[in-house]
Amino acid sequence: MTLKSKPATPSTTPAAATPAAWNWGTQLAQQQFAVGTEGTATLVRGFEAMRRIQAQATQQVVQRHAAANGQLGASPRPEDALAVQTELLRADLEDAARCWQQLLGEAVEVGNELLACSTRMINTEDVFAAAKLLHRPGD
């Protein structure tokens with residue numbers, strides 16, 4: 001004796017039978033997920049730009065210190081050594097200030113982009129639709 005199974009019956013629930021609140025909730029979740037993903041991509045791009053700024057500043061410092069090391073070995077006079085060290089310190093402070101200024105500028109740009117993402121997260125029409133669905137007359 002073999003068991004025969006019945007063929008699966010197709011679902012007869014039409015898509016239109018889904019409640020409006022469920023559709024709205026799904027659309028809102030999808031919208032928030034898209035905006036969240038956009039915000040994450042913005043952060044990653046900003047972090048990468050900041051990394052490049054730091055790498056460039058580091059490379060410049062390494063080159064400057066290597067050149068200063070060569071100058072210190074070439075001149076036995078103490079006043080030349082002091083002049084090289086003074087110039088090295090001045091250039092390092094100048095580059096540090098420039099690096100921090102660039103990092104701050106990049107952080108402000110990322111903040112502006114994230115603010116734009118968050119304003120897109122709230123769609124006024126969706127908020128009004130949700131309020132209409134949740135509103136009970138007489139409240």
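**View 1. Order of the elements in the predicted model.** From the N terminus on, the elements of the protein run α-α-α. The protein has 3 helices and 0 strands; helices (H or I, at least four residues) and strands (E, at least two) are DSSP runs, numbered from the N terminus. This is a predicted model, in which local features need pLDDT of at least 70 and side-chain atom pairs count only at pLDDT 80 or more, while totals for chains, interfaces and linings use all residues. Residues are numbered from 1 along each chain as its sequence is written, and side-chain values use heavy atoms, with hydrogens and water left out.

**View 2. Confidence along the chain.** The average pLDDT (the predictor's confidence in each residue, from 0 to 100) is 81 for the protein, and 72% of the residues score at least 70. Helix H2 (residues 78-121) has the highest confidence, at a mean of 91, and helix H3 (residues 124-134) the lowest, at 66.

**View 3. Surface and contacts of the whole protein.** The accessible surface comes to about 11,100 Å², of which carbon and sulfur atoms hold 64%; areas come from the Shrake-Rupley method with a 1.4 Å probe, and for residues only the protein chains shown count as cover. Of the 139 residues, 16% count as buried, meaning under 20% relative accessible area. Among contacts (heavy atoms within 4.5 Å) with a separation of 6 or more, 87% are between residues 24 or more positions apart.

**View 4. The largest nonpolar core.** Met50, Ile53, Ala57, Cys99 and Leu103 form this core of 5 residues. A nonpolar core is a set of buried Ala, Val, Leu, Ile, Met, Phe, Trp, Tyr and Cys residues joined through side-chain atoms within 4.5 Å. Helix H1 (20-74) and H2 each give two or more residues to this core, and H1 gives the most, with 3. Leu103 touches Met50, Ile53 and Gln54, not counting residues up to four places away in sequence.

**View 5. Asp95 and its partners.** Asp95 lies in helix H2 and counts as buried because its relative accessibility is 9%. Its side chain joins that of Arg64 through a polar contact of 2.7 Å. A polar contact is a pair of N or O atoms within 3.5 Å; within protein, one must be able to donate a hydrogen and the other to accept it, and residues adjacent in sequence count only if both atoms are side-chain atoms. Leaving aside neighbours within four places in sequence, Asp95 is in contact with Gln60 and Arg64.

**View 6. Cys99 and Cys117.** Cys99 is buried, at 12% relative accessible area, and Cys117 is buried at 4%. The whole structure has 0 disulfides, a disulfide being a pair of cysteine sulfur atoms within 2.5 Å.

Notes
Buried means under 20% relative accessible area, exposed over 50%, partly exposed in between (1.4 Å probe, protein chains only).
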